[in-house]
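Work through the exercises below with the sequence and the coordinates side by side, and try each task before reading its solution.

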Amino acid sequence: MKKAKTKAIIWLLVFALLVAGGVYTVLFGLGKENAGKAANIALGLDLQGGVSVTYEIQEKDATDAAIDATIDKLQRRVDNYSPDGTVYKQGTNRITVEIPLDTSKYDPNKVLDELGRPGELMFMDGDNYKKFAAGEKDYTAALTGADVENAEAGRTQNQTTGAYEYIVSLKFTDEGATKFSEVTGANVGKPVYIIYDGKVVSAPNVLQQINGGSAQIDGQKDLEEAQSLADTIKIGALPLTLNELSSQVVGAQLGTDALRTSMIAGAIGLCIIFLILIIFFRFPGFLAAIALCTYTIMELFFLNTLHITLTLPGIAGIILSIGMAVDANVIIFTRIKEEIGRGETVRTAVKTGFSKALSAIIDGNVTTIIAGIVLILMGTGTVKGFARTLILGIVLSMVSALFITKFLLNTFVTLGVTNKKLYGSVEYKKTWKYSKYFKFVSVFSILVIVAGLAFLFINPNIKARGNRLNFSLEFSGGTSTTVTFDKAYTLEEAEREIVPVIKDATGVSEVQLQTIDGTNQVVFKTPSIDGEKRTSLASALESKFGVTDADINSQNISSTISHETQRDAVLAVVIASILMLIYVAFRFSDVRFGVAAVLALLHDVMFVFFAYSAGYLSVGGTFIACMLTIVGYSINSTIVIFDRVRENLQVMNPAKDGYDAIVDASISQTFTRNIYTNLTTFVTVLMLYILGVPSLKEFTFALMVGVIAGTYSSICVTGPLWLQMRKHIGNKSGKGVAKKAKAKA
């Protein structure tokens, strides 16, 4: 025993040293590049600022479809530099790209050079290339950028030498595949020249005629060269020719206070969470607080080392992962208290508690990770930023709960901290009949959902704005007004002094700001304003600030969230829901568990939608982040209920006790878990609502509604919903778990 205690003390000291090293790394970084330093975390355009470049469309007869396709492909190109860049149409023949960038560490001009000017891409045989190089005008391009669907860098292993070779894989459109087959068939043994913006970027020799719509370019010296060529081809793979008009460094959209206040709110929220854990779970709660501190250190470290850009939606992903980290600890500690309530020793209770909690934690986190992976693969911009931080947070939350918390508990148990009063106990002597009131719950839920849809038609704000939902600039587009003042304004000063003047003059309710570094210019983005309102705005600015018409430049801008991005986000959520349904159905041996989980997920989403439609909240990029957060949060809560149902089906007798009793017992046994977990998450979001910048208010309010909806549905909806399906739908198909239960009995 003495040897075991000595070993435990040594490991505890090692853990303390590792934590101290983590704190040092987060504060000061490692090596010349200060790897892992929290202050070096890349921030998105909304939090940090960056560069903005405007292109002019060269084609005079460009169609809306061609412009939309160009914006979509350019957005995917920008995603290679930052998943949080935005691309939108400005005026009738311009496209603007905004890229997050820490201008104190990176040269904007170099970034813009790397981004490149999306000019003309052509594939030519030797004869036509000679004409092109000689300045003759009768050359013909075999293919153009419009014929290329995608280009990706990669490497392959030579089957003879075993050495790695770096390649660029090309994929063509259907029409492009036919053209490429023709040009390669006519030029076997000869080069085909790939020309971008008048310069040859590659001239690979044709070994044989290539059919099938795909090809490889080999001979790149390293992966960086291959990536550069792939990026160049992708840039040129645009339906339209673009010419750079201007580029500039822009300030953060949310102001310098946004991140600072969010961090303060997060810190206060964590402190309150620590108090809740300690009050309700005593000594294990104290150890969980230590584990969550290490989770925070790991989160900050990996955000930097994995080069994940932190944006407002990313903060939402972190909030969700913190909630799930707390949830895992709550599940474990509740199980430990149950075992102690049954008379087990603390040592046995700790071991059994972790064992019984494992399935719920793994299933809940895996289903959310599935959703995150789908969102990364299919989403763009905002969606990807959210998914990256979410997956990182979930993985680290599992490490925190299943390894760090477990290590600390086992270590202190070994050291003799085994007084049951330090851990608490619980016995479930009374079971409330939740399933009995499902009819009333159903009526209430349906009324809320119907009311949410009804407000799309009866909300009094609809007449004033003209939209059934309060679409923000990201969805509806509007007017961008650049004003040159006689002095430079900070974002906070402009918000305080200029925005009220704009709102009074134009009657708009939403104004987004951007400052242009090194100038006296401020960009104001508002819903579309007509000529009369523009005149009123000019008059107000002249009267208040002394600017003239020459200092004001207004242009219409398109939405920054394209139709393709919206479509991809919806499709990603649908596919993620289907995959989660399949996973839950497989893990629980009953497809009705999966169906009920997805229906509960939709239920919670519709409750949040009610908040948006009834309150006429702004529907923008944060709307997508909010809905995705609720999707992840809802499925996790549902899994906890279903895990307890699955367990009780094996320890109770369905034939004797009835499925109603099993569901009611499962909800009663997980009731405190739902309250504690949702309370801690609610507190974190509440702190952001109270202390955060104004632009966070509506977002955090909607998240709080989602947390409340998730609490309500996990207690009152999910279990009884599965019960009704168990009674009335496919009774024979769901006997997998029931048979196990009868055998056990």
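Predicted model: local features only at pLDDT ≥ 70, side-chain atom pairs only at ≥ 80, totals over all residues.

Residues are numbered from 1 along each chain as its sequence is written, and side-chain values use heavy atoms, with hydrogens and water left out.

**Exercise 1.** State the mean pLDDT of the protein chain.

Solution. The mean pLDDT (the predictor's confidence in each residue, from 0 to 100) is 83, and 89% of the residues reach 70 or more. Over residues 733–745, however, the pLDDT is below 50.

**Exercise 2.** Find the residues with the most contacts inside the largest nonpolar core.

Solution. A nonpolar core is a set of buried (under 20% relative accessible area, with a 1.4 Å probe and protein chains only) Ala, Val, Leu, Ile, Met, Phe, Trp, Tyr and Cys residues joined through side-chain atoms within 4.5 Å. The largest one has 118 residues, and Ile332, Tyr612 and Trp722 have the most contacts (heavy atoms within 4.5 Å) inside it. A second, separate core of 22 residues includes Leu491, Ala494, Val522 and Val547. Returning to Ile332, its partners include Phe354, Ile361 and Leu402, when residues up to four places away in sequence are not counted.

Technical notes. Buried < 20%, exposed > 50% of the residue type's maximum accessible area, 1.4 Å probe, protein only.
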